[in-house]
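Let's take a walk through this structure, one spot at a time. Have a look at it first, and then we'll start with a single side chain.

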Amino acid sequence: MHAVTYELIKTDEKTKARRGRLHTPHGTIETPVFMPVGTAATVKAMRPEEVKELGASIILSNTYHLYLRPGHELVREAGGLHKFMNWDRAILTDSGGFQVFSLGDLRKISEEGVAFRSHIDGSKHFFTPEKSIEVQNALGSDIIMAFDECAPYPAERDYIKRSLERTTRWLARCKEAHKNTENQSLFGIMQGGMYQDLRYQSAMEIVDLDLPGYAIGGLSVGEPKEVMYEVMDYCVDYLPQNKPRYLMGVGSPDCLFEGVERGIDMFDCVLPTRIARNGMALTSGGRVTIKNAQYERDFSPLDAECDCYTCRNYSRAYLRHLFKSNEILSSMLLTNHNLHFLVKTMERIRTAIEEDRFGEYKKSFFEKYGRF
């Protein structure tokens with residue numbers, strides 16, 4: 001019996017969109033779901049209580065960053081990541097693979113693993129599939145991700161083929177190393193770049209290991225969105241109907257709708273928190289760049305259709321003042337709004353799927369929000 005299980009409730013009549021539930025040791029997650037990112041055991045500019053109040057049922061934390069600082073053994077000593085960060089709902093940790101491979105000249109790949117230098121102090125480290133699982137077992141997250149090689153875009157076919165086959169071998173090693181199966185579930189990651197036959201090969205190899213969930217990796221790495229959607233289309237068809245499907249690193253409203261339409265259940269992205277710190281808000285009428293002069297005397301809410309804490313209490317003029325003054329409260333209020341916006345959008349998507357009107361909701365959403 002897996003620690004995390006998926007329950008399919010409803011499939012949209014006209015698309016691949018589906019409504020489900022993900023059962024975890026720390027609660028049930030209604031899907032499709034957007035997961036706020038708490039890279040270093042915190043969602044930036046938010047208290048855990050605030051993230052709960054938004055309706056978030058699961059967050060993502062980062063294995064690479066927590067391994068470097070404060071260290072997984074310290075987190076284990078604290079009682080695990082849930083206690084350490086005072087979050088009693090579900091947590092997914094990524095494997096650290098994407099961060100390690102993003103280090104460029106600071107890392108070197110071999111069959112055994114990846115040697116890299118810390119971006120913090122330049123110290124030398126070596127990550128293997130076994131090490132990634134060891135760290136994630138210590139963190140105690142509900143869902144742990146396999147250590148994979150995230151290939152860049154564009155890349156030659158031969159390289160992508162070697163990379164995905166190494167990812168499969170590493171996944172088998174991850175499964176062997178994973179011991180805390182009663183409390184944590186391991187998800188595999190499909191690779192294969194933008195090559196359909198290689199995506200199929202990767203899917204068949206990882207599905208053969210019979211894991212409780214699968215992710216689509218190697219997308220949103222610089223390719224045009226039209227290419228990403230095309231790849232996503234057939235990737236979903238290669239994954240089991242009775243297991244959750246997770247599209248890694250994607251969270252803009254257009255990508256969420258396009259992903260859901262193709263049958264994706266789980267999403268994560270730093271976008272809503274990152275753009276908030278840079279003075280940008282996601283609203284029902286599209287993106288708002290709060291520093292713009294047009295908002296200097298705009299005493300209306302950030303989004304008249306939103307009932308978040310920020311929109312109930314503060315004006316665009318005040319938010320602009322905070323941002324222009326470099327006040328910390330600017331990041332806090334805009335982050336609260338952006339996460340609320342995406343969490344509530346996903347709630348409405350779930351309702352629309354239940355009522356067989358997902359297509360109608362998507363159309364009405366973008367009539368106000370604007371095109372992609």
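We begin with arginine 320: a polar atom of its side chain lies 3.1 Å from the backbone oxygen of lysine 291. That is a polar contact, meaning a pair of N or O atoms within 3.5 Å; within protein, one must be able to donate a hydrogen and the other to accept it, and residues adjacent in sequence count only if both atoms are side-chain atoms. Before going on, note that this is a predicted model, where local features need pLDDT of at least 70 and side-chain atom pairs count only at pLDDT 80 or more, while totals for chains, interfaces and linings use all residues. Residues are numbered from 1 along each chain as its sequence is written, and side-chain values use heavy atoms, with hydrogens and water left out.

Arginine 320 sits in helix H13. Helices (H or I, at least four residues) and strands (E, at least two) are DSSP runs, numbered from the N terminus. Is arginine 320 buried or exposed? With a relative accessible area of 13%, arginine 320 is buried; the word buried means under 20% relative accessible area, exposed means over 50%, and partly exposed is in between (1.4 Å probe, protein chains only). Setting aside neighbours within four places in sequence, arginine 320 is in contact (heavy atoms within 4.5 Å) with Ile290, Lys291, Asn292, Ala293, Tyr295 and Glu296. Aspartate 298 is 22 residues away from arginine 320 along the chain, and their C-alpha atoms are separated by 9.3 Å.

## Two helix pairs

Two packed helices are described by the angle between their axes and the distance between the axes. Here, axes are lines fitted to C-alpha atoms, for helices over the stretch in contact, and angles run from 0 to 180 degrees between N-to-C directions. For H13 and H14, the axes come within 7 Å and cross at roughly 135 degrees. The two helices are therefore oblique to each other; angles under 35 degrees count as roughly parallel, over 145 as roughly antiparallel, 65 to 115 as roughly perpendicular and the rest as oblique. H13 passes H14 in a left-handed crossing, a label used if the near helix is turned anticlockwise from the far one by less than a right angle, with right-handed used if clockwise. Tyr318, Leu319, Leu322 and Phe323 from H13 meet Leu329, Ser330, Leu333 and Leu334 from H14.

Now for H9 (residues 225-237) and H10 (residues 253-261), which pack at an angle of about 25 degrees with axes 10 Å apart. That makes H9 roughly parallel to H10. The crossing of H9 past H10 is right-handed. On the H9 side, Lys225, Met228, Tyr229 and Met232 meet Asp254, Cys255, Glu258 and Gly259 of H10. Among the buried residues of H9 are Met228, Tyr229 and Met232, and the cover over the buried residues of H9 includes E11, H8, strand E12 (214-216), strand E13 (245-247) and H10.

At 2% relative accessibility, glutamine 184 counts as buried. Its side chain reaches the backbone oxygen of serine 141 at 2.9 Å. Not counting residues up to four places away in sequence, glutamine 184 touches several residues, including Ala3, Gln136, Ser141 and His178.

Where are the cis peptide bonds? One joins threonine 31 and proline 32, with omega about 5 degrees, and proline 32 lies in the loop between strand E3 (27-31) and strand E4 (33-35). Another runs from arginine 69 to proline 70, with omega near 15 degrees; proline 70 is in the loop between helix H2 (63-68) and helix H3 (72-77).

Positive phi values turn up too. Aspartate 210 is not a glycine, yet has a positive phi of about 55 degrees; aspartate 210 lies in the loop between H8 and E12 and is partly exposed, at 49% relative accessible area. Asparagine 326 has phi near 60 degrees, sits in the loop between helix H13 (316-324) and helix H14 (328-354), and is exposed, with a relative accessible area of 70%.
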